[in-house]
Amino acid sequence: MEQYFTDQPAASAGERTQIEVTLGGKKLRLEGAEGVFSARHLDKATAVLLAEAPTPPGTGTFLDLGCGWGPLAISLGLLSPDSQVLAVDVSERARDLSRTNAQRAGVCLQVGSPEEIFAATKAAGGLDLIWSNPPVRIGKKPLQDLLLTWLPLLKSDGEAILVMGKNLGADSMQKWLCAQGFPTRRLASKKGFRLLAVSPA
């Protein structure tokens, strides 16, 4: 089976799975699919971010980096309905699910490929907030390149909230981000995961 961080065509009806989840205080029945990260449930890392992250601002331009089937982007849309929420993923299958699930949740997302969302971000004048459960299994160097692509788009008063497993290098990532000029502090440590807050360079 292909990894969840590769591009894949949209899932057929028979490939889709049902996910019952509460996001932004709203009980929802959404869809996942094989080949998309955590296809059958809300994963533990994302749950930690949703439980421990500061409440997002009421307005602004927000990004879900690596949106999968959309739990972070949908939560941002529900918590801050007056914001512009962008959702990016390399996988067409994930993007299709995020669009479908956003409609089910009653939120408006702008979902697209990295190229599309990068251009949209530039047009919007940068990002006020990034939420991400980044794809650490793509490897250390690709992950670093990913973060160095998107973190510079933060506005001067913006912030990125990242969740990473302690055993998957969260502490070394924090040190590396600081060394790259992005002040990074630990917001929480829960269930083997670190929640990191990254300030712009």
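Does K191 count as buried or as exposed, and at what relative accessibility? In this predicted model, K191 counts as exposed, at 67% relative accessibility. You can find K191 in the loop between β8 (184-190) and β9 (193-198). Its backbone is worth a look too: K191 has a positive phi of about 55°, although it is not a glycine.

**The annotated region**

The UniProt record, an unreviewed entry, places the feature "domain: Methyltransferase small" at residues 29-195. Over residues 29-195, the chain is 38% helix and 28% strand.

S38 sits in the loop between β2 (26-33) and α1. With a relative accessible area of 13%, S38 is buried, because buried means under 20%.

Now try Q103, which belongs to helix α3 (residues 92-105). Q103 has a relative accessible area of 66%, so it is exposed, the cut-off being over 50%. How far apart are Q103 and S38 in sequence and in space? They are separated by 65 residues in sequence and by 20 Å in space, C-alpha to C-alpha.

**Helices that pack together**

Two packed helices are described by the angle between their axes and the distance between the axes. Here are two pairs to find in the structure.

| Helix pair | Angle | Axes |
|---|---|---|
| α1 (residues 44-52) and α2 (residues 71-79) | roughly 20° | come within 11 Å |
| α5 (residues 140-150) and α6 (residues 170-179) | about 45° | 12 Å apart |

Start with α1 and α2. Angles under 35 degrees count as roughly parallel, so α1 and α2 are roughly parallel to each other. Their crossing is right-handed. On the α1 side, T46, L49 and L50 make the contact, and on the α2 side P71, L72 and S75 do. By class, the residues of this contact are 4 nonpolar, 2 polar and no charged.

Next come α5 and α6. Which word describes how α5 and α6 lie to each other? Their angle of about 45° makes α5 and α6 oblique to each other. The crossing of α5 and α6 is right-handed. In α5, the residues L143, Q144, L147 and L148 meet M173, W176 and L177 of α6. This contact of α5 with α6 has 6 nonpolar residues, 1 polar residue and no charged ones.

Key:
Residues are numbered from 1 along each chain as its sequence is written. This is a predicted model: local features need pLDDT of at least 70, side-chain atom pairs count only at pLDDT 80 or more; totals for chains, interfaces and linings use all residues. Side-chain values use heavy atoms; hydrogens and water are left out. UniProt positions are given in the numbering used here, feature names are shortened, and annotations may be inferred rather than shown by experiment. Helices (H or I, at least four residues) and strands (E, at least two) are DSSP runs, numbered from the N terminus. Axes are lines fitted to C-alpha atoms, for helices over the stretch in contact, and angles run from 0 to 180 degrees between N-to-C directions. Angles under 35 degrees count as roughly parallel, over 145 as roughly antiparallel, 65 to 115 as roughly perpendicular and the rest as oblique. A crossing is left-handed if the near helix is turned anticlockwise from the far one by less than a right angle, and right-handed if clockwise. Contact means heavy atoms within 4.5 Å. Ala, Val, Leu, Ile, Met, Phe, Trp, Tyr, Cys and Pro count as nonpolar, Asp, Glu, Lys and Arg as charged, and the others, Gly among them, as polar. Buried means under 20% relative accessible area, exposed over 50%, partly exposed in between (1.4 Å probe, protein chains only).
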